[in-house]
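Thanks, everyone. Let me put the structure up, and then I'll walk through its contacts.

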Amino acid sequence: MELSEEPGIGERIARLRIRRKLTQEALAERAGLCVDTVRKLEQGVRRTARLATLNALARALDVEPSALAGQPATFEVRSEGEQPSVLALRQAVAPVSDLLGGDPDPEDPLGIAALQASLRSTERIRREGRMAEIGALLPQLIRDAKAAAHATTGAEAAAAHSVLAEAYQVAATTLTALGKEDAAFTALERSMTAAARGDDPHLETAGFSSLAWVLTKQGRLADAERVALNAAERIEPGFRSPPLELALWGVLLLRAATAAVRLERRDTVRDLLTMASAAAARIGTDRLDYATPFGPTNVGVARVNFLVEMEESAEALRTARTVPELHTLPPTWRARCHVDRALAFTDLRKDDGAVQALLAAERTAPEWMRYHSTSRRLVADLRHRERRRTSPLTELADRLALDG
């Protein structure tokens with residue numbers, strides 16, 4: 001079954017504005033934007049908007065940015081195997097039995113080795129952005145980890161809590177990708193509780209990194225920046241710090257910079273990027289810790305993203321050509337870089353380049369692409385500008401199940 005058709009960004013803005021009894025002028029004033037921007041979005045003259053603009057409009061309309069961006073709100077339905085379910089994931093994260101009490105798990109809990117193996121088995125599908133498989137596997141993994149944590153003591157219980165903490169973090173990022181930021185926040189709260197009882201001292205830091213990302217997606221940019229910087233300050237590495245600690249610190253700096261760029265604080269972004277670059281240079285190679293890459297390549301990709309956000313599109317494309325070893329990043333990170341290139345090409349009115357970059361993103365992480373709201377908005381915008389009835393862009397839009 002195809003993903004459901006969705007209204008355009010302008011239609012969503014207009015509906016919310018009218019519901020709140022605002023004129024276009026009043027909305028623009030609240031958002032700190034030019035009224036022409038609001039007018040063109042609502043009229044469909046502009047079909048996409050910078051994330052800074054989306055965040056400003058979301059704050060003015062008192063909604064989360066995902067309410068404006070538009071994205072699939074559930075998993076794709078498949079005919080074979082276990083069906084992924086947002087409801088099942090919500091129930092695993094916040095079961096009613098936690099409040100009312102319930103029957104113990106009728107099955108014997110998994111051993112710690114089997115539990116850890118189950119978590120590791122999800123790593124590849126997470127890197128590749130295979131959302132439906134993640135959605136199918138996570139609820140049972142969370143239940144298994146909780147059962148093991150409750151049934152064991154000592155070192156085994158600590159190990160089970162670490163698996164549970166990481167599973168909750170994966171649930172948080174998955175729910176956020178589906179626009180369920182409220183449930184994602186709950187998952188992260190539970191992750192922090194589990195991490196405090198676990199045996200991995202770095203899981204709390206990884207949780208704060210995920211929290212900063214979720215807050216950014218909610219449009220709570222100042223909160224996201226503060227969370228990331230506070231966590232980074234607590235673990236600030238020294239001269240002899242191991243690469244893992246440098247990488248976690250660097251990721252937190254990039255999370256803070258992502259919030260800062262959407263707050264249009266360019267000097268802060270450059271300062272944070274300089275520090276992250278220094279950490280990456282000291283590590284010297286690219287790492288992947290807690291499913292998040294860090295190193296010279298990821299810093300290069302982040303620099304491209306920030307240049308696109310700051311509308312320095314020509315510089316973004318030049319920088320993208322210099323990113324080292326892009327193939328070393330997980331598919332979803334590589335796909336994000338291609339989407340940033342597409343955004344830069346679109347800004348420069350080089351639509352053919354944008355389409356080729358989007359097709360590269362789809363080849364790299366096809367399922368992730370179908371859930372990625374920025375990709376979907378950009379394809380819709382480019383298709384609106386294109387006059388041909390049949391083209392690679394039209395075929396891409398059909399694969400993304402975008403309505404005409």
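Ground rules. This is a predicted model, where local features need pLDDT of at least 70, side-chain atom pairs count only at pLDDT 80 or more, and totals for chains, interfaces and linings use all residues. Residues are numbered from 1 along each chain as its sequence is written, and side-chain values use heavy atoms, with hydrogens and water left out.

Cores. A nonpolar core here is a set of buried Ala, Val, Leu, Ile, Met, Phe, Trp, Tyr and Cys residues joined through side-chain atoms within 4.5 Å. Buried is under 20% relative accessible area, exposed is over 50%, and partly exposed is in between, with a 1.4 Å probe and protein chains only. The largest core has 107 residues. The members that touch the most others are I142, L254, F294, F306, L358 and V379. Helix α15, residues 243-262, gives the most to this core: 12 residues. Helices are DSSP runs of H or I, at least four residues, numbered from the N terminus. Another core lies apart from that one, with 17 residues, including L16, L27, L57 and A60.

A58 sits in helix α4, residues 51-61. A58 is buried, at 2% relative accessibility. Its C-alpha is 7.1 Å from that of L68, which is 10 residues away along the chain.

Salt bridges. The criterion is a side-chain nitrogen of Lys or Arg within 4 Å of a carboxyl oxygen of Asp or Glu. The whole structure has 19. Take R17 and E42, at 2.7 Å, N to O. R17 is in helix α1 (residues 9-19) and E42 in helix α3 (residues 35-43), so the pair links distant parts of the chain, 25 residues apart. Both residues are buried.

Next, R265 and E225, with the closest N and O atoms 2.5 Å apart. R265 is in the loop between α15 and α16, and E225 is in helix α14, so this bridge ties together parts 40 residues apart in sequence. R265 is partly exposed at 33% relative accessible area. E225 is buried at 8%.

There is also a network: R124, E128, R130 and E133 are joined by salt bridges that share partners. Within it, R124 and E128 meet at 3.0 Å, N to O. R124 is exposed, at 53%, while E128 is partly exposed, at 22%.

Rings. R336 lies over the face of W333, 4.9 Å from the ring centre. That requires NZ of Lys or CZ of Arg within 6 Å of the centre and within 35 degrees of the ring normal.

Surface. L99, in helix α7 (residues 97-100), is exposed at 77%. V96, L99 and L100 form a nonpolar surface patch, about 390 Å² of accessible area together. Patch residues have over 30% relative accessible area and no salt bridge; like charges are joined within 9 Å, and nonpolar side chains (Val, Leu, Ile, Met, Phe, Trp, Tyr) within 5 Å. Areas come from Shrake-Rupley with a 1.4 Å probe, and for residues only the protein chains shown count as cover.

Last, the loops. E311 is not a glycine, yet has a positive phi of about 60 degrees. E311 lies between α17 (296-309) and α18 (313-320), and is partly exposed at 43%. R349 also has a positive phi of about 60 degrees without being a glycine. R349 is in the loop between α19 (331-347) and α20 (351-364), and is exposed at 60%.

Definitions and conventions
Helix = DSSP H or I, 4+ residues; strand = E, 2+ residues; numbered from the N terminus.
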